[in-house]
Amino acid sequence: MPISRRALLGGIGSGLALAACARLPQMTLSNDHPHYDYVLTAEPAPIELIPGTRTPAWCFNGGFPAAPIRARQGREISILFRNRLPEPTTIHWHGLRIPIEMDGVPFLSQPPVKPGEDFVYRFTPPDAGTFWYHPHVNSLEQLGRGLVGAIIVDEAEPVGFDQDVPLLLKNWHIQDDGGFAPFTSPRAAFRMGTAGAYESVNGIQNPSYSVPPGALVRLRFLNVDNTVMYKVAIPDHPAWIIAIDGSPVAKPIPLEQHEMGPGMRLDVALVAPAASGKTVSIKNAKGRLLFNLLELKTAGEPITSPRQVAALPANPLPKPDLAQAEVMNFVFEWEGAVTPVGADGKPNHRFWTINRRAWEGMSATNIPQPLATLELGKTYIFRLKNVTPHSHPIHLHGFIWTVLGSNQKTFETFHTDTVLLQKNEQVEVAFVADNPGRWMYHCHVIEHMKTGLMGYITVK
Ligand code: C2O
Ligand code: CU
Ligand code: CU
């Protein structure tokens with residue numbers, strides 16, 4: 001077997017000058033593991049988010065963010081995962097259409113990886129794009145403390161960007177001294193969730209990245225937050241959406257404002273200003289105000305041959321057979337009449353429901369019934385109905401949906417693994433149930449999934 005070891009030295013994004021970013025960890029690969037493309041270790045690691053303080057984070061490979069894992073479309077990748085946390089965990093590969101054994105859900109797809117144990121993840125990503133990974137155990141705390149990372153699947157044939165910039169968006173639940181604040185509060189869990197006070201992009205507030213003048217730049221936004229919605233805007237410079245949640249759009253869409261719930265991604269392409277010393281300011285819209293998220297600054301050798309934004313090649317998704325599709329209804333509700341907090345002040349873990357059922361939790365000996373059982377190879381249309389006054393990014397493991405329509409807006413058909421349902425919105429998605437297994441199906445606002453908004457479907 002050939003020993004291939006992908007370069008993961010250096011920071012995030014190859015060749016990227018990190019102007020504001022002295023704190024990125026130097027990644028080192030252990031020489032003891034020559035048979036894997038990557039070694040991924042989850043471990044406690046103090047980091048400096050607020051200058052002069054220490055945050056007792058849990059990180060991948062010793063710092064935040066870990067350099068992205070880079071896979072290639074259609075090629076096998078192997079990752080030796082090592083759990084060096086004080087508790088069990090797993091790794092889930094969000095958005096990748098891979099076999100159930102690699103899906104990283106404890107009990108449903110694999111036993112939890114205990115402290116000190118290793119597990120080998122090995123799969124061949126069929127789709128190119130921007131994906132991410134995270135544990136599927138004790139998610140509020142494990143993701144909240146920093147266990148989130150980017151996995152980028154490069155297109156089978158190069159697509160010609162001069163610069164590729166992964167941007168992990170995360171608010172940290174920390175106080176001024178760097179210590180963690182609670183990841184949840186009952187009142188917020190029954191609304192939009194508990195937002196962390198410290199906003200960051202790649203672990204830094206308002207970072208500045210330098211790009212060559214005239215460069216064709218691919219920005220990969222990843223909302224890896226537990227709770228927060230981001231609305232990405234680049235008001236003063238032309239930019240185009242080229243992929244939504246990892247899936248290329250048919251034609252680049254001019255970026256106005258694009259809302260991303262937890263779990264969602266966005267690929268944006270732009271041509272950097274031709275002159276040196278220019279700034280492109282990237283914003284987060286909150287209501288009518290625009291806040292700085294990060295900036296790009298042109299510096300260095302200019303790129304003189306003209307660059308143009310083009311569509312990415314489509315991914316090989318199976319085509320839904322809409323004429324033969326079976327329609328299934330999923331209603332996302334809340335137990336409005338139930339007090340969210342018990343007399344003891346503890347949260348009610350069965351507040352949010354899918355088709356009147358709240359997630360009961362799961363153990364090796366007790367796996368709840370699926371929300372639905374699907375026939376392998378058949379096309380399904382899921383009618384997702386949000387009858388709550390809050391928005392929910394609804395995510396299905398193992399598949400990519402084709403979004404057909406909404407009762408609130410019109411758009412070109414697109415593909416996604418996570419649909420953001422606005423309040424009282426109904427969205428129809430179609431997909432071919434071509435991947436056998438038991439697949440989690442949940443809201444990606446972690447407090448919502450932890451208080452009921454989670455289930456799974458079986459495909460057989
Ligand atoms: Cu990011 Cu169960 O998912
Ligand atoms: Cu997922
Ligand atoms: Cu939700």
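A polar contact is defined here as a pair of N or O atoms within 3.5 Å; within protein, one atom must be able to donate a hydrogen and the other to accept it, and residues adjacent in sequence count only if both atoms are side-chain atoms. The structure is a predicted model, in which local features need pLDDT of at least 70 and side-chain atom pairs count only at pLDDT 80 or more, while totals for chains, interfaces and linings use all residues. Residues are numbered from 1 along each chain as its sequence is written, chains are lettered from A and ligands numbered from 1 in the order in which they are written, and side-chain values use heavy atoms, with hydrogens and water left out.

Under the contact criterion, the side chain of Arg 265 pairs with the side chain of His 94 at 3.5 Å. Arg 265 belongs to strand S18, residues 265-271 (strands are DSSP runs of E, at least two residues, and are numbered from the N terminus). With 0% relative accessibility, Arg 265 is buried (under 20% relative accessible area, 1.4 Å probe, protein chains only).

The copper ion (ligand 2) has His 92 (NE2) and His 395 (NE2) as its protein donors, 1.9 Å from it. His 92 is part of strand S6 (residues 92-94) and His 395 of strand S25 (residues 392-396), so the pair ties together parts that are 303 residues apart in sequence. His 92 is buried at 1% relative accessibility, and His 395 is buried at 0%.

Grid points are joined across faces, edges and corners, and a volume is the space filled by probe spheres set on the points.

The largest pocket has a volume of about 750 Å³. Its lining comprises 28 residues, with Ile 244, His 258, Lys 409, Phe 411 and Phe 414 nearest the centre. Strand S16 provides the largest share of this lining, five residues. Domain 2 (164-298) and domain 3 (322-459) both contribute to the lining, so the largest pocket lies between them; the domain bounds come from an automatic or database domain assignment.

Three cavities of 30 Å³ or more are present. The largest cavity holds about 70 Å³ of space, and its lining includes Arg 97, Leu 317, Phe 399 and Asp 434. Strand S29 (residues 426-432) gives the most to this lining, with three residues. The second largest cavity has a volume of about 60 Å³, and among its lining residues are Arg 357, Trp 359, Glu 360 and Met 454.

Technical notes: 1 Å grid on protein atoms, 1.4 Å probe; cavity = no way out; pocket = protein on both sides within 12 Å on 5 of 7 lines; lining within 4 Å. Helix = DSSP H or I, 4+ residues; strand = E, 2+ residues; numbered from the N terminus. Donors = N, O, S within 2.8 Å, 3.2 Å for Na, K, Ca; no water. Buried < 20%, exposed > 50% of the residue type's maximum accessible area, 1.4 Å probe, protein only.
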